[in-house]
Each structure stands twice: as structure tokens, then as C-alpha cells.
Amino acid sequence: MKKGSMGARSEMTIEKDLDALKELALEKGAVSATVIAAHEIVFDERTVYKCQFGCPAYGRFLTCPPYTPHPSEFEKALRRYKWAMLVECGMEELNRMVVELEKAAMRRGNYLALGLKGHRCYLCEECVPPGEPCRDPLNARPSMSGLGINVFATLAQAGIERRLAMDGEEHTSWGMILID
Ligand code: SF4
């Protein structure tokens, strides 16, 4: 984390919060947890086309486009956050991990903390039919790519080398907690 760029008033509190969240992520089984300034998140609305053309989850899960906010809408909200924690873990644990970290951040006073994740929603085998509400709205979180976040470029920006998994290759997954 780059120090010295935080507001003087809350510098110590935010630093303590971010350290505590990182510790919690590792304690809960994350492979890695990396804090970056939110302005380092690489935003690119073209990611939504990668969801629409070539991803089988498009239109089948409420956490994916076209049900998620369009990147043009989300970017304005994203730019109001100051920090982001990139968290790496197994795909099965990813949803639980981002929700747990989001709640921990909220308990520490970061009320607008928001967890995002890669992939489709794995909380149910199949999502609900069109027009029906989510079965688990307290825990379902949106796909980063669907919102316009270029995950690979953001990881590279954070100094994390990552490439696309080839067929049959096991890879860890990534999520993100946005923090004020
Ligand atoms: S929790 Fe279930 S119903 Fe809700 S978005 Fe995920 S798969 Fe769909």
C-alpha cells in the first residue's frame, strides 16, 4: 500500500482497517490479499462485451449483465471509493470471502464497503427464471467484468502476474472489496 496519499485525519484509522482486513482474509484462507488505491483499478467498458459475447453466464445469472449496472453507471460510483483490496482464493470460497470481508469492513465503520467477484454466481446451481427475485440477496455479489473492471489489467497494475487459465487448468479466483 502506498502511504502518504491518505487524508491526514483518518490516515491511522484507514491504515489499521486495511491491515485488519488483510489479516482477516489470510486467516480465512485467502491465498493473497493486496491493497491498492481505488484509482489504480483499470476501468474499461469493453469488458461487458466479453461477458455478452463468449460467456455462457450472460443473461443467466442476476449477478451478471444485463442485470448488473452498466459500466457507464458503475464507473461514477467506483470513482468515489478510495481503496480496494484484491483477494485471491479458490472459486468455491470466493463469494463467502468477499461477503465476509465486506461485512468486516462495514463493522469497522466503512459502511459503503462493497464486495465484487469474478465469475458467475455459484450460490445456486441455477439462477432464478427471468423476473423472479434473487434467492440469496444478502450474499449474491456482482461480477467485476460485468461492471467494467478490467481484472487482468488491474492485477498487472498491482504488480500481480496473471494470465487466462487454459482449458482444464486449475486457477485461483479473484474478488475485490471497495473501501472508502
Ligand atoms: S444467489 Fe442464486 S438466485 Fe441469486 S443471483 Fe446467485 S444464483 Fe441467482
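User: How many bridges pair strand E2 with E4, and in which sense?

Analyst: Two strands pair if DSSP finds at least two bridges between them. Strands (E, at least two residues) are DSSP runs, numbered from the N terminus. Here E2 (residues 83–89) and E4 pair over seven bridges, in the antiparallel sense. Leu86 stands opposite Met176 in E4. This is a predicted model, in which local features need pLDDT of at least 70 and side-chain atom pairs count only at pLDDT 80 or more, while totals for chains, interfaces and linings use all residues. Residues are numbered from 1 along each chain as its sequence is written, and side-chain values use heavy atoms, with hydrogens and water left out.

User: Which way does strand E3 run relative to E4?

Analyst: E3 (residues 114–117) and E4 run antiparallel, joined by four bridges. Leu116 stands opposite Met176 in E4, and Leu86 also stands opposite Met176.

User: Why is E4 described as largely enclosed?

Analyst: Buried means under 20% relative accessible area, exposed over 50%, and partly exposed in between (1.4 Å probe, protein chains only). Seven of the seven residues of E4 (residues 173–179) are buried, so the rest of the structure largely encloses this strand. Both faces are covered: Ser173, Gly175, Ile177 and Ile179 are buried on one side, and Trp174, Met176 and Leu178 on the other. Leu178 has a relative accessible area of 0%.

User: How far apart are Leu178 and Pro142 in space?

Analyst: Leu178 and Pro142 are 13 Å apart, C-alpha to C-alpha, and 36 residues apart in sequence.

User: How many disulfides does the structure hold?

Analyst: A disulfide is a pair of cysteine sulfur atoms within 2.5 Å. The structure holds zero disulfides. For Cys89, the closest cysteine sulfur is in Cys121, 14 Å away, which is too far for a bond.

User: Is Cys89 buried or exposed?

Analyst: Cys89 is buried, at 0% relative accessible area. Cys134 counts as partly exposed because its relative accessibility is 28%.

User: Which residues surround the ligand?

Analyst: A residue is near a molecule if one of its heavy atoms lies within 4 Å of it. The ligand is surrounded by Leu62, Thr63, Cys121, Leu123, Cys124, Cys127, Val128, Cys134, Arg135 and Asp136.

User: How do the residues of that shell divide?

Analyst: Ala, Val, Leu, Ile, Met, Phe, Trp, Tyr, Cys and Pro count as nonpolar, Asp, Glu, Lys and Arg as charged, and the others, Gly among them, as polar. The shell around the ligand divides into seven nonpolar residues, one polar and two charged.
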